[in-house]
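Subject: Handing over the two-chain model

Hello,

Here is the structure I promised to pass on. Please open it first, then read my notes beside it.

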Amino acid sequence: MRFSEIRDHLAGFRVGIAGAGGLGSNCAVALARSGVGTLVISDFDVIEPANLNRQCFFASQVGMLKTVALKENIARINPDIIVIAHTEKLDKLNIPEIFASCDVIVEAFDSDKMKEMLAETVQTRMPGTPLVMGSGLAGWGKSEAIKFRKIDETLYICGDESTTAGEEMPPMAPRVGIVANMQANTVVEILMKRTRDYFRQ
Amino acid sequence: MKIILNNRVEEFPGETLLISEMLAFKKFSYKMRIVKINGLLIPRERYESTIIHDGDNVQMIYLMSGG
């Protein structure tokens with residue numbers, strides 16, 4: 001299959017990304033480069049200098065909302081991609097509204113509590129919507145420990161499922177990038193198996 | 001009783017088992033996780049009240065911080 005055909009197919013889909021940090025910003029860029037037509041990106045944070053060790057932002061964007069900066073960066077890569085940005089904090093009530101009609105949802109939070117809340121909400125309130133999660137990516141090296149697991153048709157896990165981020169085990173660009181791109185790769189795989197709905201706006 | 005836990009057959013004492021008992025028995029310690037029984041996610045507040053039956057397919061996934 002030619003890339004032009006892949007891109008045209010992916011243009012018909014909408015992907016939700018919960019969080020625009022290390023996982024979310026890098027995953028969004030990979031999906032935009034692949035041609036996924038609409039990205040719904042949610043994050044309430046602003047860019048701090050410490051984020052630049054792994055997140056797809058620039059030094060000149062420090063202080064900006066991550067969603068605004070990411071929308072700008074994606075427009076510079078591919079102006080045809082529609083980015084819908086949300087800046088409210090995600091919770092059990094607004095997740096089904098914000099990500100309504102998304103074909104796939106990517107979990108891209110930093111906090112384990114938020115990961116659990118999103119998984120519970122999407123899996124119980126949005127049955128049938130595939131959720132692609134990141135779990136375990138802190139530190140460096142141990143590429144062989146990073147894995148992909150399909151739990152079932154609606155749940156996919158990328159990461160080593162064992163390292164937890166902290167002061168002495170910071171998340172860094174190489175490993176975060178591997179997992180973020182694994183998540184994007186999973187989204188592309190799910191969408192390439194789908195029949196495109198030409199009638200949806 | 002026998003269940004499938006993370007794609008492996010595992011044996012537990014007794015005829016039924018609460019999720020909280022399974023987690024303690026297996027010493028699953030990391031606090032944030034997903035538990036699915038036969039494809040259905042069981043929220044944390046139901047770990048003390050949801051029964052795992054013989055033959056159930058149980059998935060336990062750790063959610064590690066970092067992103």
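**The sheet of chain B**

In chain B, strand β1 (residues 2-5) and strand β7 (residues 57-62) pair in the parallel sense, over 2 bridges. L5(B) has V58(B) in β7(B) as its bridge partner. Keep in mind that this is a predicted model.

Now step back to the whole sheet. It has 5 strands, in the order β2-β1-β7-β4-β5 (chain B). The sheet is open, and its pairing is mixed. Which strands are the edge strands? They are β2 (8-11) and β5 (40-41) of chain B. Each of these two pairs on one side only.

β1(B) and β2(B) run antiparallel and are joined by 4 bridges. Look for I3(B), which stands opposite E10(B) in β2(B). These two strands form a hairpin, with 2 residues between them. In that hairpin, N6(B) takes a positive phi near 45°.

Then go to β4(B), residues 33-37. This strand runs antiparallel to β7(B), and 5 bridges join the two. Here I34(B) stands opposite I61(B) in β7(B).

β4(B) also meets β5(B). They run antiparallel, with 2 bridges between them. I37(B) has L40(B) in β5(B) as its bridge partner. Again there is a hairpin, with 2 residues between β4(B) and β5(B). N38(B) sits in the turn and has a positive phi of about 45°.

**Two helices in chain A**

Next, find helix α2 (residues 22-34) and helix α6 (residues 173-192) in chain A. How do we describe such a pair? Two packed helices are described by the angle between their axes and the distance between the axes. For α2(A) and α6(A), the angle is about 45° and the axes are 8 Å apart. That angle makes α2(A) oblique to α6(A). The crossing of α2(A) past α6(A) is right-handed.

Which residues of α2(A) meet α6(A)? They are G22(A), L23(A), N26(A), C27(A), A30(A), L31(A) and S34(A). On the α6(A) side, the residues they meet include V176(A), G177(A), A180(A), A184(A) and V188(A). By class, this contact has 10 nonpolar and 6 polar residues, and no charged ones.

**Where the chains touch**

Now bring both chains into view. In the contact between them, 31 residues of chain A touch 14 residues of chain B. Four elements of chain A give two or more residues to its side: α2, α5 (112-125), β6 (147-152) and β7 (155-159). Which element gives the most? It is α5(A), with 8 residues. Note that α2(A) is on this list, and that α2(A) also packs with α6(A).

The side of chain A that touches chain B divides into 10 nonpolar, 13 polar and 8 charged residues. Charged residues are present here, whereas the contact of α2(A) with α6(A) has none.

**Confidence**

Last, the scores. The model has an ipTM of 0.93 and a pTM of 0.96. Chain B has a mean pLDDT of 96, and 100% of its residues reach 70 or more. Where in chain B is confidence lowest, and where is it highest? Strand β3 (residues 16-18) of chain B is lowest, at a mean of 94. β5(B) is highest, at 98.

Best wishes

Key:
Residues are numbered from 1 along each chain as its sequence is written. Chains are lettered from A and ligands numbered from 1 in the order in which they are written. This is a predicted model: local features need pLDDT of at least 70, side-chain atom pairs count only at pLDDT 80 or more; totals for chains, interfaces and linings use all residues. Axes are lines fitted to C-alpha atoms, for helices over the stretch in contact, and angles run from 0 to 180 degrees between N-to-C directions. Angles under 35 degrees count as roughly parallel, over 145 as roughly antiparallel, 65 to 115 as roughly perpendicular and the rest as oblique. A crossing is left-handed if the near helix is turned anticlockwise from the far one by less than a right angle, and right-handed if clockwise. Two residues are in contact if their C-beta atoms, placed from the backbone, lie within 7 Å. Ala, Val, Leu, Ile, Met, Phe, Trp, Tyr, Cys and Pro count as nonpolar, Asp, Glu, Lys and Arg as charged, and the others, Gly among them, as polar. Two strands pair if DSSP finds at least two bridges between them. pLDDT is the predictor's confidence in each residue, from 0 to 100.
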